[in-house]
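The sequence and the structure come first.

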Amino acid sequence: MKAALIGTGNELLHEVRRDTARERGPEAVAEGVLDFAAELRATGLERFGAEPAAAGVAVPGVIDEEHGIAVFAANLGWRDLPLRALLSDRLGQGRSAELPPLPVALGHDVRTGGLAEGRIGAGAGVDRYLFVPLGTGIAGAIGIGTTVEPGAHGSAGEIGHIVVRPDGPPCGCGQRGCLERLASASAVGLAWAEACGDPGATAADAAKAVASGDPRAQEVWRDAIDALATGLVTGLTLLDPRTLIIGGGLAEAGDTLFVPLREAVREKVTFQPLPEIVPAALGDAAGCLGAGLLAWDLLSAEVASR
């Protein structure tokens, strides 16, 4: 878990991390989130002498943003968790009765990161962009102006479950050959671990081996790049973004990723306009910054409605 206090200019005033401890079960994880938020509020009061103006939280899985519910998160074991209400209650404890209730915004982690990249990161000023972080899995955020499209049911942008190899490995979603099973950072790490015989090898290790000229790593890398380009071209065909922003752990490989990826996408497009393909600018701070933007947006909307 990552958390931050964010100022009015979207500056990071204080950052802190904590283990999710998901092995303790879904209830414990939820309680950990609430405790973390309460401690962050206390830090703000101690350092800046003021209550937070609003709070934002970004979580994985299927989100009902309107009602503030974490509908389903496979990795955390959550189902229909009323997270916004729980946070509002916890952060309201000890708050002066003279102050209005603290506005709390809930968002999807990838879309929230995409919101930050679109407004204050690599997509700033771009009218249409697709943000794709390559981490444990792969998802996407569809940026339109200063907003991110959630879809009719809160699941827009799940590009990681585009099937790019119908005869490929099984995916947890029930399909075979999904993009994230072949081109996520975790998938590349697993493929390289098998190729090099080191069960602890990671995608970062694979990138280093590629740069050093290891032919086994280069084969793993080529397979991942080809799968990634195939999935991205499907996304480009559907969405026609002006800019494609690639983030996540795999993007830290820099030119080792971006040079062959740009070429692979260029080779696969036919009639589709080729977007600019750029690295994300905010790194792993994107989620916290995006949650802050959600909070500021909610606060502005509430003030405007009074």
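## Burial and overall form

Buried residues account for 45% of the 306 residues in the protein chain, where buried means under 20% relative accessible area, exposed over 50%, and partly exposed in between (1.4 Å probe, protein chains only). The model is predicted: local features need pLDDT of at least 70, side-chain atom pairs count only at pLDDT 80 or more, and totals for chains, interfaces and linings use all residues. Residues are numbered from 1 along each chain as its sequence is written, and side-chain values use heavy atoms, with hydrogens and water left out.

The protein chain holds nine helices and twelve strands; these are DSSP runs (helices: H or I, at least four residues; strands: E, at least two), numbered from the N terminus. Its radius of gyration is 20 Å, which agrees with the value near 19 Å that a compact globule of 306 residues would have. The radius is taken over C-alpha atoms, and the globule rule is 2.2 Å times the number of residues to the power 0.38. Along the principal axes, the C-alpha atoms of the protein chain fill a box of roughly 65 × 40 × 35 Å.

Contact means heavy atoms within 4.5 Å. Of the contacts in the protein chain between residues at least 6 apart in sequence, 59% join residues at least 24 apart.

The protein chain exposes about 14,900 Å², and carbon and sulfur atoms supply 53% of it; the areas come from the Shrake-Rupley method with a 1.4 Å probe. There are 25 positive and 39 negative side chains in the protein chain, and the centres of the two sets lie 0 Å apart. Lys and Arg count as positive and Asp and Glu as negative, without His and the chain ends.

## Nonpolar cores

A nonpolar core is a set of buried Ala, Val, Leu, Ile, Met, Phe, Trp, Tyr and Cys residues joined through side-chain atoms within 4.5 Å. The largest one has 44 residues, of which Val132, Trp221, Leu232, Ile246, Leu257 and Val265 touch the most other members. Elements that each supply at least two residues of this core include strand E8 (128–133), helix H5 (185–196) and helix H7 (215–239). H7 gives the most, with eleven residues. Leaving out residues up to four places away in sequence, Val132 touches Ile138, Ala139, Ile159, Leu232, Leu244, Ile245, Ile246 and Gly247. A second, separate core has 20 residues, among them Val29, Val33, Ala70 and Leu102.

## Single residues

The table lists four residues with their relative accessible areas.

| Residue | Relative accessible area | Class |
|---|---|---|
| Val163 | 36% | partly exposed |
| Asn10 | 22% | partly exposed |
| Asp80 | 55% | exposed |
| Ala50 | 39% | partly exposed |

Val163 lies in the loop between strand E10 (147–148) and helix H4 (180–183). Not counting residues up to four places away in sequence, Val163 touches Gln175, Arg176, Gly177 and Cys178.

Asn10 sits in the loop between strand E1 (2–6) and strand E2 (12–17), and its phi is near 65°, a positive value in a residue other than glycine. Asp80, in strand E6 (residues 78–81), also is not a glycine and has a positive phi of about 50°.

Ala50 is placed in the loop between helix H1 (26–48) and strand E3 (55–59). Apart from neighbours within four places in sequence, Ala50 is in contact with Gly44 and Leu45.

Terms used. The place of a charge is taken as NZ of Lys, CZ of Arg, CG of Asp or CD of Glu.
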